[in-house]
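Hi,

Here is the structure I said I would pass on. Have a look first, and my notes follow below.

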Amino acid sequence: MAKATLLKDALSKWEVNTKEKASEAKVIKLYGQVPPIEKLDASLSKLKNCERLALSTNCIEKITNLDGLKNLKILSLGRNNIKVLNGLETVAETLEELWISYNVIEKLKGIESMKNLKVLYMSNNLVKDWSEFVRLADLPCLVDLVFVGNPLEEKHSADGTWMEEAPKRLPNLRKLDGKPIIKREVDEASEKN
């Protein structure tokens, strides 16, 4: 089996292909490396200007070494082997979008630090309990959530309650699984008649 691609090597190759310096770039796309990246190492620390980092379709298991990414707004880690959300605290002040679908996440511990997160794409993971789902209520800015393909969503979509129950637990949501949430607020004028 081929050895994993080291992150520093992927960055070097990216610099050659794009003719940009990784330390100055705002957008860096390292998805689908062959062989895949397995570890987020200290070479990430030089990406000081990076606002969007795409590392999807690799074999990354842990979120680590993000502390140098002082301007990171969008982090794409879909289609990896991530089990837990630890390691995001260091980008909590700037991160607005986390794309983490198609991983093996069962628990949402660690998400509560993401106070500026607006968009969370985490379809096709392993979250099965409302007790984990309600951790997302600690995210005051979260307005767009894709959660389809998690056991919790599948169970409650099958019985027809998902689109009703999930927004009750996350009142700030405006979009769930790609569909706008329409708040059914009672018109006070019609109540008086």
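Are phenylalanine 133 and phenylalanine 147 buried or exposed? Both are buried (under 20% relative accessible area with a 1.4 Å probe, protein chains only; exposed would be over 50%, partly exposed in between).

Before the rest, some housekeeping: this is a predicted model, with local features needing pLDDT of at least 70 and side-chain atom pairs counted only at pLDDT 80 or more, while totals for chains, interfaces and linings use all residues. Numbering runs from 1 along each chain as its sequence is written, and side-chain values use heavy atoms, leaving out hydrogens and water.

On to the rings. There are 6 aromatic pairs in the structure (Phe, Tyr or Trp rings, the six-membered one for Trp, with centres within 6.5 Å; planes under 30 degrees apart are stacked, over 60 edge-to-face, the rest tilted). Tryptophan 130 and tryptophan 162 are stacked, because their ring centres are 5.6 Å apart and their planes are at 20°. Tryptophan 162 is buried at 2% relative accessibility, and tryptophan 130 is buried at 18%. Phenylalanine 133 and phenylalanine 147 pair edge-to-face, at 5.1 Å between centres and 80° between planes. Ring pairs join Trp130, Phe133, Phe147 and Trp162 into a cluster.

Arginine 169 lies over the face of tryptophan 130, 3.8 Å from the ring centre, and the charged end of arginine 79 sits over tyrosine 102, 3.8 Å from its ring centre.

Cheers

Technical notes:
Lys NZ or Arg CZ within 6 Å of the ring centre and 35° of its normal.
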